[in-house]
Amino acid sequence: MSDKAHVVVVDDEPSVRFVLSEALRDAGFSVSEYEGAAAALDALEHRVPAVLFTDVRMPGMDGLALLAELKQRTPHLPVIVMSAYTDVASTSAAFRGGAFDFLSKPFDLDAAALLAQRAVDSARKEKSGETPVTLQADASLIGRSPAMQSLYRAIGRLAQAPLSVLIRGETGTGKELVARALHSHSPRADRPFIALNTAAIPSELLESELFGHEAGAFTGAQRRQGGRFEQANGGTLFLDEIGDMPLALQTRLLRVLAEGEFFRLGGRELIHVDVQVIAATHQDLDQLVEQGRFRADLLHRLDVVRLELPPLRQRREDVAELAAHFLAQAAAAVGSSAKRFEPAALLHLARHDWPGNVRELENVCWRLAALAPGESVGIADLNEVWKPLNQTEVGDATAPADWESALRRHIDAALQQGVPNLHAQERERFDRILLEAAVEHCDGHRQQAAEALGLGRNTLTRKLGSSRTRTPG
């Protein structure tokens with residue numbers, strides 16, 4: 001770039017300041033570095049940069065406080081928040097404070113430079129009157145894996161947007177938790193959140209459950225009863241397993257989404273509601289449309305933004321944190337003494353395929369809390385109360401895994417469960433693990449990683465950059 005945009009980097013770690021500043025300079029920016037917020041604010045009295053990067057945890061004024069101060073002084077300055085302690089709460093706090101974006105440490109240096117350029121371009125568009133849409137969020141989800149960090153960022157951007165969201169993921173991945181996160185940090189947070197599993201209610205009762213009924217509408221309807229849409233008025237209605245909804249009801253749901261109005265069953269009074277609908281499914285709705293089992297126009301209404309939740313087997317690095325959380329929670333609930341996992345037990349849990357995902361892990365931890373006799377949960381306790389689906393007994397958790405046999409067992413289990421698009425899913429998973437491992441081995445340098453794998457750098461970047469979040473346009 002001929003006219004160098006100026007970038008400020010604020011971080012108390014010299015190594016982070018150095019590598020990020022060098023990457024930005026290589027990308028054509030001029031850069032100033034500061035180890036704390038106070039020094040950066042003093043410098044900004046004399047020169048306002050095009051973009052500012054700030055760490056969250058710093059001595060004195062932290063990054064979020066710096067962000068708040070900058071939004072008072074220079075509200076149009078794009079601020080990119082960085083943190084090694086990524087969760088939905090911190091991501092949400094950054095977006096609520098007006099951050100342009102959030103970077104989880106360690107991050108790819110090339111991606112950081114591209115993000116800086118995006119911030120510069122966005123600021124220029126805003127000055128010219130092309131104001132970008134800002135989205136925000138939060139939730140109490142657990143996990144620090146790249147897949148979860150990507151999900152946190154998506155929730156953080158979506159919570160403030162009045163958009164229909166379709167959440168897709170296997171059973172037990174936490175779809176309702178994500179829906180609650182989107183609601184609890186949206187402008188509707190003080191209004192009702194109503195959840196309904198459409199697959200758990202007989203089809204002949206589901207219409208009344210959704211839209212309510214008048215007295216005498218059917219046998220047993222002795223009085224007027226409001227439905228879930230009325231209960232959720234002003235708030236959010238979460239419709240789980242939307243793929244199981246009968247076609248006739250899909251037509252009625254489409255009218256509510258389009259017009260915001262409906263009749264109770266057996267009623268003549270038109271009911272008006274303002275409800276944000278979040279739908280979820282473990283099924284492939286596009287395939288159901290092709291089969292004539294789901295309305296294409298309803299899918300388009302629901303699928304304005306799609307969030308794909310990763311199965312637990314694709315974020316094994318989160319298993320230990322999840323297991324420790326669930327074990328502590330369950331021990332407190334059943335009134336037993338505090339318990340902890342031995343390292344060998346945690347290693348084995350991380351190697352299990354978890355066909356039931358997070359819900360299965362939570363159930364195992366509840367059984368261990370109730371039945372494991374001591375405060376330390378080890379291999380013997382796992383053998384006593386839990387028989388993993390992919391083997392008959394827990395062996396030496398420190399022994400190297402026969403990955404080909406484990407893969408065969410995993411594929412067999414997935415085929416038995418009828419997992420859709422299995423070939424595409426497993427190829428995507430293999431590619432992701434391979435590429436991420438290579439980038440990590442090369443300390444975040446994608447060019448080196450691409451050469452090590454025998455790929456072009458653009459190919460590697462494209463594969464790694466393909467997002468699980470799909471937005472309109």
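Which helices each supply at least two residues of the lining of the second largest pocket? In this predicted model, they are H6, H7, H13 and H15, with the residue ranges tabulated here.

| Helix | Residues |
|---|---|
| H6 | 146-158 |
| H7 | 175-184 |
| H13 | 319-334 |
| H15 | 357-371 |

The second largest pocket holds about 620 Å³ of space. Its lining comprises 27 residues, and those closest to the pocket centre are Thr173, Gly174, Lys175, Leu177 and Val358. Helix H7 provides the largest share of the lining, five residues. Sorted by class, the lining contains 11 nonpolar, eight polar and eight charged residues.

Glycine 172 belongs to the loop between strand S6 (165-168) and H7. Its relative accessibility is 6%, under the 20% limit, and glycine 172 therefore counts as buried. Beyond its neighbours within four places in sequence, glycine 172 contacts Gly356, Asn357, Val358 and Arg359. Between glycine 172 and valine 358 the C-alpha to C-alpha distance is 5.6 Å, although 186 residues separate them in sequence.

The model also contains an open sheet of five strands, ordered S2-S1-S3-S4-S5 with parallel pairing. Strands S2 (30-34) and S5 (101-104) stand at the edges; each has a single partner strand, so one side of each lacks a neighbour in the sheet. From one strand to the next, the twist averages 20°. Strand S4 (residues 79-83) pairs with S5 in the parallel sense over four bridges, and isoleucine 80 stands opposite aspartate 101 of S5. Helix H3 (residues 63-73) lies across S1 (6-10), S3 (51-55) and S4, and runs at about 150° to S3.

Note on methods: Residues are numbered from 1 along each chain as its sequence is written. This is a predicted model: local features need pLDDT of at least 70, side-chain atom pairs count only at pLDDT 80 or more; totals for chains, interfaces and linings use all residues. Side-chain values use heavy atoms; hydrogens and water are left out. On a 1 Å grid over the protein atoms alone, a cavity is a set of points where a 1.4 Å probe fits but cannot get out, and a pocket is an open set with protein on both sides within 12 Å along at least five of seven lines; lining residues have an atom within 4 Å of a point. Grid points are joined across faces, edges and corners, and a volume is the space filled by probe spheres set on the points. Ala, Val, Leu, Ile, Met, Phe, Trp, Tyr, Cys and Pro count as nonpolar, Asp, Glu, Lys and Arg as charged, and the others, Gly among them, as polar. Buried means under 20% relative accessible area, exposed over 50%, partly exposed in between (1.4 Å probe, protein chains only). Contact means heavy atoms within 4.5 Å. Two strands pair if DSSP finds at least two bridges between them. Axes are lines fitted to C-alpha atoms, for helices over the stretch in contact, and angles run from 0 to 180 degrees between N-to-C directions.
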